[in-house]
Amino acid sequence: MARDLRGFIKLLEEKGQLRRITASVDPNLEIAEISNRMLQKGGPALLFENVKGSSIPVAINLMGTVERICWAMNMQHPQELEELGKKLALLQQPKPPKKISQAIDFGKVLFDVLKAKPGRDFFPACQQVVIQGEDLDLNKLPLIRPYYGDAGKIITLGLVITKDCETGTPNVGVYRLQLQSQNTMTVHWLSVRGGARHLRKAAERGKKLEVAIALGVDPLIIMAAATPIPVDLSEWLFAGLYGGSGVQLAKCKTVDLEVPADSEIVLEGTITPTEVLPDGPFGDHMGYYGGVEDSPLIRFHCITHRKDPIYLTTFSGRPPKEEAMMAIALNRIYTPILRQQVSEIVDFFLPMEALSYKAAIISIDKAYPGQARRAALAFWSALPQFTYTKFVIVVDKNINIRDPRQVVWAISSKVDPTRDVFILPNTPFDSLDFASEKIGLGGRMGIDATTKIPPETEHEWGAPLESDPQVAQMVEKRWAEYGLADLQLGEVDPNLFGYDVR
């Protein structure tokens, strides 16, 4: 398996999923415009080899399809991600085994944890070139500006690494950074994120917070950093679990932090807790420009990089985007964890078009009245990342939750809005959601689209229409005899049914 960015780029090229662009391109708006057109069509990854203002090529759209996400995780199909989720579920909430088989499974996971421990590289590739002092100039990096209303150039796929000054536990997050000057950037993170917690602790002790930004890493490590995990667990360990072997780390040159040894570029600096600058506006995942916020200022004093480095980037916006593809993969990983938290849930789906977290569709094995409402309420509190889910639709287990036609049918045929829709007003909410009447405070809606049972209803429910099993089997056998063998009745073009899907 590829364990660095270059290995993954080589893999994509071998599979015909990478295009090298030799024409001169501008990192200001042009790269994002080209990439966005590829993303809309599920096109290949791109490597821009001739970027204006920089000698460093730019890789983008590497994780622009679920298929490529799976390859980054050393898998072939999204369903395999659920097996990984089962391991994580055992680690997050281990239960005493009741059977020998359960004890064996838990032992296998513990063995995987041992294999996943990070290693050390004392001569790392990421430090082949070291730049300090007046030679340090962030303008030499090919930072992109995706939208014309954006405040400036940004870093989007950098691993932002900090450390708890009390416990020494590192945090690895993926946060947006805005270029402010030759050697400074602001970092935009929510107050609940690990980096923000570390900054508050440093401020309480009157210390600066050390920061390292690792650019151009193995996409698998980016997936691990994007996975919400318990506070005291290391993202490096999760990356090792994802990859099947430990991540090789290297100690930074000027700060007491560790970074992936095969990173393409590493930025080292510090944050003085009281030092902030306006950050934004920028186009965000909601499909609008966000606001301007005072954000922590990072002062960089060292850059290290590999010889002939490659710069990996992406950008946010209305789906489909790379972040949406990552969310689809994480959805599969979360599923076993969610089932462990809410036992009646059979499956759940976060549609990309609903920004990958604003609406959730849940299927349950319904056994008693009111169960759909209970499942929706449990979902909102099951995992931190579901706190900002605005709509939860609950359907029966025989509904394919990944087929919008079936979901719409269930809502239309099984929901009485008076009885089956419930709203929770004035709950903590996403500050980027402009639909809320008050920023940071909004409502949630649950929709019970399951078949109703007494006392939810006082009348019998109609029997569902189904084919006669014997006739269906006979037609299957005689299909070629009808002269229809050449007709493929697999996936149907939705445009044939009145949709306008381009």
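These legends accompany several close-up views of a predicted model. Local features are described where pLDDT is at least 70 and side-chain atom pairs where it is 80 or more, while totals for chains, interfaces and linings use all residues. Residues are numbered from 1 along each chain as its sequence is written, and side-chain values use heavy atoms, with hydrogens and water left out.

View 1. A salt bridge is taken here as a side-chain nitrogen of Lys or Arg within 4 Å of a carboxyl oxygen of Asp or Glu, and a search of the whole structure finds 28 of them. One joins the side chains of D4 and R306, with an N to O distance of 3.5 Å. Because D4 lies in the segment before α1 (5–14) and R306 in the loop between β15 and β16 (311–312), this pair ties together parts that are 302 residues apart in sequence; helices (H or I, at least four residues) and strands (E, at least two) are DSSP runs, numbered from the N terminus. Both D4 and R306 are buried, where buried means under 20% relative accessible area, exposed means over 50%, and partly exposed lies in between, with a 1.4 Å probe and protein chains only. R6 forms a salt bridge with E264, the closest N and O atoms being 2.8 Å apart. This pair again links distant parts of the chain, with R6 in helix α1 and E264 in the loop between β13 (258–260) and β14, 258 residues apart.

View 2. The side chains of E83 and K86 meet in a salt bridge of 3.1 Å, N to O. Both residues lie in helix α4 (residues 80–92), where they are 3 residues apart, about one turn of the helix. E83 counts as partly exposed at 48% relative accessibility, and K86 is partly exposed with a relative accessible area of 43%. Elsewhere, D164, E166, K201, E204 and R205 are linked in a network of salt bridges.

View 3. The structure holds 13 aromatic pairs, counted when rings of Phe, Tyr and Trp (its six-membered ring) have centres within 6.5 Å, with planes under 30 degrees apart called stacked, over 60 edge-to-face and the rest tilted. The pair of Y147 and Y289 is edge-to-face, because the ring centres are 6.4 Å apart and the planes stand at 85 degrees. This pair links distant parts of the chain, with Y147 in the loop between β5 (129–132) and β6 (154–155) and Y289 in the loop between β14 (265–279) and β15 (293–305), 142 residues apart. Y147 is partly exposed, with a relative accessible area of 24%, and Y289 is partly exposed at 31%. Y388 and F429 form an edge-to-face pair, with 6.4 Å from centre to centre and 65 degrees between the planes. Here Y388 lies in the loop between α10 (371–382) and β19 (391–396) and F429 in the loop between β20 (421–428) and β21 (441–449), 41 residues apart. Y388 is partly exposed at 27% relative accessible area, whereas F429 is buried at 5%. Y147 and Y289 also belong, with Y148 and F315, to one aromatic cluster. In a separate contact, the charged end of K15 sits over the ring of W71, 4.5 Å from its centre; this arrangement requires NZ of Lys or CZ of Arg within 6 Å of the ring centre and within 35 degrees of the ring normal.

**View 4. Buried helix α7 and buried cysteines.** Helix α7 (residues 219–226) is mostly covered, with 7 of its 8 residues buried, namely P219, L220, I221, I222, M223, A224 and A225. A search of the whole structure finds 0 disulfides, a disulfide being a pair of cysteine sulfur atoms within 2.5 Å. The sulfur of C126 has its closest cysteine sulfur in C252, 7.5 Å away, which is too far for a bond. C126 is buried at 0% relative accessible area, and C70 is buried at 0%.

**View 5. A nonpolar surface patch.** V492, L496, F497, Y499 and V501 make a nonpolar surface patch of about 510 Å². Patches consist of residues with over 30% relative accessible area and no salt bridge, like charges being joined within 9 Å and nonpolar side chains (Val, Leu, Ile, Met, Phe, Trp, Tyr) within 5 Å. F497 is in the segment after α13 (469–478) and counts as exposed at 52% relative accessibility.

Definitions and conventions
Areas by Shrake-Rupley, 256 points an atom, 1.4 Å probe, with all protein chains shown as cover.
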